[in-house]
Amino acid sequence: MYDFNNLYEPKDIREALQMKMEYPNALILAGGSDILIKIRSGRLAGCDLINIYGLEELRGICMEDDGTILIRPLTSFSHVTAHPLIKQYIPTLGEAVDQIGGPQIRNIGTIGGNICNGVTSADSASTLKAFDAMLELSSINGVRILPYAEFSLGPGKVDLREGELLTGIRITKDSYENTYGQYLKYSMRKAMDIATLGCSVNVRLTKDKKAIDRLRIGFGVAAPTPIRATTAETAGNGHVLDSSLLDLVAGKACEDVNPRTSWRASKEFRMHLIKELAKRALKTSIEKAGGKIDG
Amino acid sequence: MAKKLITCTINGEKVENYVDVRASLTDMLRNDYELTSVKKGCEVGECGACTVLINGEPFNSCIYLAIWADGKDILTLEGLTDKEGTISDIQQAFIDEGAVQCGFCTPGFIMSSLPIINSDREFTRDEIKKNISGNFCRCTGYQNIVNAIEKTAKARKANKTRQK
Ligand SMILES: Cc1cc2nc3c(=O)[nH]c(=O)nc-3n(C[C@H](O)[C@H](O)[C@H](O)COP(=O)(O)OP(=O)(O)OC[C@H]3O[C@@H](n4cnc5c(N)ncnc54)[C@H](O)[C@@H]3O)c2cc1C
Ligand code: FES
Ligand code: FES
């Protein structure tokens, strides 16, 4: 038995939003792979829950008229990975979430829960940041659209305001079109382990494939929240594909990050990983895009 | 505490029951339906001993609320034996390959192997390992478990081609 107090069961989104307003202290229960664990450990024992797991309107992936890809928050990791739109247009995201936990966790865990819990190690976070995801935050009073870049406020803290639910994650066509990317997760074990460091890169090359048109880099566990490495991106934008590029971008990334020492790894080791993963992910992304360093 | 009427299919049979809203699916399967192949290991999603298939996909029943099972199709290890209680090819393969020692993890591993052995696609050894990476075994060292799954997958494929 789980030790929670009240369980509210909305029939649809509208009722869920009403309940969120009415019971401000009740927690949203999606797949539960964070919340139920915390209830079991006693940290959230006795809490109230609003169970949205059954709301099918909040599940699934589609393409909107302008080519934007819309991911509903309750979509499980395994369904993100398997979805034809993700495979075709944003495979980097599907590959990133395929590195979470194990198969059972990827079937229950939701992509919305992964970014709403606000932890820096969330494996979908760096890729969603690197693809400039836009969040649809709904309350009974209306909808607020917020760049995911502005959503993280601190460890475990996100900009979900009173009565709000995450109801959509969007990646625009301009963001994913002609881009090629790579997510690298460094962890002690290949499965069932959270990232010591995560790095997600995507590039769009110029038409002649000689230079970088647009570079985007996101990191997890490189700072208290998932981050974009904008200094590194600026350094890489427009740069020709020569041997100085990888070192330049990796070096600049160090200015964007602020890792800490934890029982998993020291700050120094994380700095090393930041440079090394950025280089490797950038190199692979360029190769996937059909470019060649010093080619 | 509030109870809720839950209707679902368990091992091919349609059932309904009032369950405590705080119960996990493990609690429901073990206590209400005596399906004790569903093990309580860690109860926090780490070990896979409680794995069941829900609409064909493996889930840890310990971190799945029983009320979520409403309308779902659930398969536990008990559902693999036939009416006379004869065990299935994958269970036999676990025995033959020495993939069972204390046996506590075995039902979970077998449930996690079903998407592999039921698939028309061939899985590499690495892919098999990835598919069972949410299951822990403290005894066998895993190699024999992978052998049993690989062997069953091959045998089923050979059978299918023969029938064609
Ligand atoms: C064994 C195990 C291994 C794991 N391994 C990994 C891993 O390798 N990588 C990784 O990134 N994570 C991992 N996790 C963590 C977890 O699976 C993910 O963070 C998952 O995405 C959480 O989503 P959920 O829907 O299951 O969670 P929930 O517990 O239901 O929700 C998580 C948080 O988000 C809030 N929330 C959820 N949906 C919404 C919404 N639509 N609007 C507003 N708030 C919402 C909830 O209130 C809660 O605070 C692991 C967990 C377990 C148990
Ligand atoms: S008992 Fe469910 S995963 Fe361990
Ligand atoms: S056989 Fe003992 S835990 Fe696997």
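These legends go with a set of close-up views of a predicted model.

**View 1. Where chain A meets chain B.** On the chain A side 29 residues make contact, and on the chain B side 31 do. Putting the two together buries about 2,500 Å², with carbon and sulfur atoms giving 60% of that area.

View 2. Three salt bridges turn up between chain A and chain B. One of the pairs to zoom in on is E43(B) with R40(A), a salt bridge whose closest N and O atoms are 3.2 Å apart. Which parts of chain A each bring at least two residues to the side that touches chain B? They are β1 (4–8), α2 (35–41), α3 (77–82) and α6 (103–108) of chain A. Helix α6(A) gives the most, with six residues. Sorted by type, the residues on this side of chain A come out as 14 nonpolar, 10 polar and five charged.

**View 3. The buried side of helix α2 in chain B.** Helix α2(B) runs over residues 89–96, and its buried residues are I90(B), Q91(B), A93(B) and F94(B). These four sit on the same side of α2(B), because they cover an arc of only 160 degrees around the axis. What do they pack against? Their partners are α3 (106–117) and α5 (143–163), both of chain B. Just past the end of the helix, have a look at G98(B), which takes a positive phi of about 65 degrees.

View 4. Most residues other than glycine have a negative phi. D294(A) isn't a glycine, yet its phi is positive, near 60 degrees. You'll find D294(A) in the segment after α12 (267–288) of chain A, where it is partly exposed at 48% relative accessibility. Over in chain B, N55(B) also has a positive phi, near 45 degrees. N55(B) belongs to the loop between β3 (51–54) and β4 (57–60) of chain B. Is N55(B) buried, partly exposed or exposed? With a relative accessible area of 49%, N55(B) counts as partly exposed.

**View 5. S187(A) in its loop.** S187(A) lies between β11 (180–186) and β12 (197–205) of chain A. Its relative accessible area is 18%, so S187(A) is buried; the cut-off for that label is under 20%. The side chain of S187(A) reaches over to the backbone oxygen of R189(A), at 2.7 Å. Setting aside neighbours within four places in sequence, S187(A) is in contact with D193(A), I194(A), A195(A) and T196(A).

**View 6. L241(A) and its surroundings.** This leucine is in the loop between α10 (230–236) and α11 (243–256) of chain A, and at 5% relative accessibility L241(A) counts as buried. Who touches L241(A), not counting residues up to four places away in sequence? Its contacts include L205(A), I212(A) and I286(A), and also K292(A), I293(A) and D294(A). G295(A) is another of the residues that L241(A) touches. L241(A) and G295(A) are 54 residues apart in sequence, with their C-alpha atoms 7.6 Å apart in space.

Technical notes
Residues are numbered from 1 along each chain as its sequence is written. Chains are lettered from A and ligands numbered from 1 in the order in which they are written. This is a predicted model: local features need pLDDT of at least 70, side-chain atom pairs count only at pLDDT 80 or more; totals for chains, interfaces and linings use all residues. Side-chain values use heavy atoms; hydrogens and water are left out. Buried means under 20% relative accessible area, exposed over 50%, partly exposed in between (1.4 Å probe, protein chains only). The arc is that of the directions from the helix axis to the C-beta atoms. Contact means heavy atoms within 4.5 Å. Buried area is the accessible area (1.4 Å probe) that two parts lose on being put together, summed over both. A salt bridge is a side-chain nitrogen of Lys or Arg within 4 Å of a carboxyl oxygen of Asp or Glu. Ala, Val, Leu, Ile, Met, Phe, Trp, Tyr, Cys and Pro count as nonpolar, Asp, Glu, Lys and Arg as charged, and the others, Gly among them, as polar. A polar contact is a pair of N or O atoms within 3.5 Å; within protein, one must be able to donate a hydrogen and the other to accept it, and residues adjacent in sequence count only if both atoms are side-chain atoms.
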